[in-house]
Amino acid sequence: MTSTLVHSNGSANGNAVPPVYNSDLDVSKLRITLAESLKPIPPADELVFGKTFTDHMLVASYDPVNGWSAPEIKPYGPLSLDPASSCFQYSTNIFEGMKAYIGVDGKPRLFRPEMNMARMKRSADRIALPPFSVDAVLELIKKIVTLEQRWIPNKTGCSLYIRPTVIGTRPNLGVRASDSALLYIILTPAGPFFRTGPRPISLLAVGDSVRAWPGGTGGHKLALNYASTFKPQQYAEKLGYEQVLWLLQGTVTEAGAMNFFVVLKRDDGDWDVITAPLDGTILPGVTRDSCLALIGAHPSRTHLPHLPSSLRLYPQERSFTITDIFTWHAEGRLLEAFAAGTAMIVGSVCRIGHEGKDIVLPEYEAGRGPVAQALYERILDIQEGRVEWDGWSVVCE
């Protein structure tokens with residue numbers, strides 16, 4: 001497929017480019033308007049997540065009569081939206097969180113992007129946004145990542161964070177699904193989650209405010225899922241904790257905006273690694289799925305770093321409660337707890353508080369427990385192309 005390069009005034013010949021619409025996103029109609037000047041790139045060790053954005057963004061709009069406009073990569077800048085747009089009035093907004101890495105071959109790579117695209121489609125369907133081709137969105141992501149390749153820090157643990165977003169733009173206060181939409185993709189360079197080196201986090205278990213509920217939207221990546229978490233997060237920070245461990249009638253769900261795991265010692269000496277099941281209240285995280293797959297592969301298909309080959313790990317997706325965690329700790333079976341997500345990849349938990357009592361977990365010299373460290377290293381090796389595994393690392397070409 002070919003793309004049209006458009007001069008910075010918006011056309012190839014100096015005239016305005018009329019909108020082009022298609023029934024679905026058409027990558028071959030992509031127009032590229034380059035920025036007249038490029039921004040300076042901060043050093044990798046000075047990057048603050050989500051603060052600095054690249055030179056360009058990608059946009060495409062959906063009209064209920066004409067369909068999708070030709071996508072355009074253009075200089076990063078503000079959007080113009082009607083104040084009555086449903087994205088403002090009814091939170092008809094979805095997004096994805098992805099990363100691009102520079103591989104050992106010098107090429108930009110995405111990590112399991114087909115999973116992000118499948119989740120993006122499910123999220124859009126959940127709030128009745130107009131349909132779109134996820135294959136086309138992925139191709140557009142590859143094109144803008146390739147264009148912005150200079151923004152990917154060439155340092156291990158660093159990446160280019162990608163935020164594909166779809167918002168409802170129907171300019172009407174009627175309470176119904178939006179029949180208009182805007183797709184846009186923005187990118188921001190990201191350093192390591194912990195700038196001073198890995199360290200465990202503390203969690204406050206909260207049950208009076210819930211993040212998700214059965215039949216709700218917790219299993220989808222919707223903007224509306226996040227706003228209600230900010231106040232409990234402030235409360236946790238006031239009490240000296242860094243994140244919230246979300247409970248639903250005492251059952252453990254997620255940690256902050258991440259999936260949560262515990263490691264238990266079995267009677268036979270091997271280890272169970274347990275996380276909550278995908279029951280509709282849990283976001284099906286790409287890192288979560290990757291952790292479960294790698295845990296199940298050790299030691300038969302792969303040897304996770306630093307873990308003995310004689311140790312077998314048993315991945316389990318099952319419900320457990322905050323009471324279970326306290327019981328396992330009292331019995332000496334709770335070896336480790338960690339959280340997993342795109343931003344952190346994998347990070348250990350050092351303390352869990354609930355109703356005035358704390359569980360204090362072992363802290364390790366590496367900053368992560370043995371399972372968390374093994375998973376972090378292996379996933380990062382795959383993301384950066386040092387280890388090939390089941391086609392998870394996808395080159396942008």
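I looked up the burial of Q233 and found 15% relative accessibility, which counts as buried (buried is under 20% relative accessible area, exposed over 50%, partly exposed in between, with a 1.4 Å probe and protein chains only). The model is predicted, so I note that local features need pLDDT of at least 70 and side-chain atom pairs count only at pLDDT 80 or more, whereas totals for chains, interfaces and linings use all residues. Residues are numbered from 1 along each chain as its sequence is written, and side-chain values use heavy atoms, with hydrogens and water left out.

I placed Q233 in helix 5, residues 230–238 (helices are DSSP runs of H or I of at least four residues, strands are runs of E of at least two, and both are numbered from the N terminus). The side chain of Q233 makes a polar contact with the side chain of E237 at 2.8 Å. For a polar contact, a pair of N or O atoms lies within 3.5 Å; within protein, one must be able to donate a hydrogen and the other to accept it, and residues adjacent in sequence count only if both atoms are side-chain atoms. Setting aside neighbours within four places in sequence, I found Q233 in contact with E242, Q243 and V244 (contact means heavy atoms within 4.5 Å).

**Helix 6**

I compared the length of helix 6 with expectation. Its 12 residues, 286–297, should span 16 Å at 1.5 Å a residue, and the end C-alpha atoms are 17 Å apart, which agrees (the expected span is 1.5 Å times one less than the number of residues). Nine of the 12 residues are buried, so helix 6 is largely enclosed by the rest of the structure. Among the buried residues I list R288, C291, L294 and A297.

V286 belongs to helix 6 and counts as buried at 5% relative accessibility. Beyond neighbours within four places in sequence, V286 contacts F111, R112, M115, N116 and R119. I also noted a C-alpha separation of 14 Å between V286 and F95, which are 191 residues apart along the chain.

**H298 and P299**

I then examined the loop between helix 6 and strand 17 (313–317), where H298 lies. P299 is placed in the loop between helix 6 and strand 17 as well. The peptide bond from H298 to P299 is cis, with omega near 0°. H298 is buried, with a relative accessible area of 2%. Not counting residues up to four places away in sequence, H298 touches H303, L304, L307, P308, L311, R312 and L313.

**Positive phi values**

I recorded that most residues other than glycine have a negative phi, and most peptide bonds are trans. S91 has a positive phi near 55° and is not glycine. I found S91 in the loop between helix 1 (86–89) and strand 7 (93–95), partly exposed at 29% relative accessible area. D390, which is not a glycine, has a positive phi of about 50° and lies in the loop between helix 8 (370–383) and strand 21 (393–395).

**K143**

I located K143 in helix 3, residues 134–147. K143 counts as partly exposed at 26% relative accessibility. K143 and C396 are 253 residues apart in sequence, yet their C-alpha atoms are 7.5 Å apart in space.

**V175**

I placed V175 in the loop between strand 10 (159–168) and strand 11 (181–190). V175 is exposed, with a relative accessible area of 74%.
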